[in-house]
Structures are given as C-alpha cells and as structure tokens.
Amino acid sequence: MAVDYTVDLFSTLDGFAAPAPGTWGGYWGKDSEEWLAHRTAGFSEPSRMVFGANTYRLFLHFQTIGVEPDTWVARMLGSPTTVVSTSLSAPLDWPDAELVAADAVDVVARMKDESDLPLRSHGSVSMNRALLAAGLVDRLHLTIFPVVTGQTGDDPIYRGGPDLDLDLLESRSFAGGIQELIYRPTVHR
C-alpha cells in the first residue's frame, strides 16, 4: 500500500523559502506561540523525513547547536530520516538516518510503495520541485508568513518548477497573520 508524501514549506507571500542571511531572522520574526504549539502537535504522529543534501546540512547544524526539547524541530530531527544525495558520503552524522545516492524521483517513488510510515519533507526546495513535477507529492503543506521579501528573499520556491493545479484540503489562520494552507497538487496539463 502506498503512503503519502507531504512537502512542508515555509514561504513569504512572494514565494521565498528563506530570508537572505542577516536580514529578517527565523520565521521572518513572525512566529506566535499558537502557531508553534500547532506546529509541534503536527509532528506527533510518526513519519519518515526525506531531505536533500543542503537541507540535511542545515538541520545537522541545528543538531550540533541543540534545539529545545519537545518542539516541532526536535520532533522532526528525532524522526527516521532518508537523505537523498549523490554529493554526501556515508556514514551520516545523524541518528537513525540513511543515505541514498540516487535520483530523488526514483527514491521517493520506491519509498512510497515500501515505507511503513508516511513520508514528509521540510524544505529541500530543489528536490521537491522535481518531485512535484513527477507527480509524487500528495500534500503540499504551506506555511505563509505575512511578509514580502522582494529585496531580501532567498531561495525562490517555485522558480523553475512545474505549473500546478492546487486543490485546497485545509486552511488555518494564526495570530500575527500566519496562514497554513494544505493542498493536493497535480501537475497542470
């Protein structure tokens, strides 16, 4: 039985995945206690995380400096993880992580058929663009922060990706104007 693959992305209103270094700070300075509690609860069910090399390196840094226990980040980092990369070498310096050196489309297609856990990715923008184009993403979980970063945005999420039709499955608003939108994406033909 195939499991779902969820792409989990943070975004500005203008579609950037991150602020340029040294400009806005984490969550663009717009997090709220309500949203953080909801986010942590969203990681209560077991899942297998799937990251590309750049996101792995970023989260490895978080593991090195430590994160507060029982937060969404701690729960995500404590999940079994598959890192898809041809540039990294085993062994990975990450508990319960495996390295798969192959094309992400092939890896995720196989994992969807073989995994006992739902699959989830946070970030890994370029890898997930390819998975969206291949039609392998079942849920696109967007958290949109109420900022426009036309001058300081880094890592445009959708540039170079496929055209998508989005069927809204869930939506929620949080204090401070944070929006959570969950879609079922299909490649527009």
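Start with the largest pocket, which holds about 1200 Å³ of space. Select Thr 55, Leu 58, Phe 59, His 122 and Gly 123, the closest to its centre of the 45 residues that line it. A pocket here is an open set of points on a 1 Å grid over the protein atoms alone, where a 1.4 Å probe fits, with protein on both sides within 12 Å along at least five of seven lines; lining residues have an atom within 4 Å of a point. Volume is the space filled by probe spheres set on the points, which are joined across faces, edges and corners.

This is a predicted model: local features need pLDDT of at least 70, side-chain atom pairs count only at pLDDT 80 or more, and totals for chains, interfaces and linings use all residues. Residues are numbered from 1 along each chain as its sequence is written, and side-chain values use heavy atoms, without hydrogens or water.

Next, show helix 2, which gives the most to this lining of the largest pocket: six residues. Helices (H or I, at least four residues) and strands (E, at least two) are DSSP runs, numbered from the N terminus.

Move to the second largest pocket, about 340 Å³ in volume. Pick Thr 6, Gly 42, Arg 120, Arg 139 and His 141, the closest to its centre among 17 lining residues. Helix 1 gives the most to the lining of the second largest pocket, with three residues.

Finish at Thr 81, in strand 4 (residues 81-84). Thr 81 is buried, at 0% relative accessible area (buried means under 20%, 1.4 Å probe, protein chains only).

Technical notes: Buried means under 20% relative accessible area, exposed over 50%, partly exposed in between (1.4 Å probe, protein chains only).
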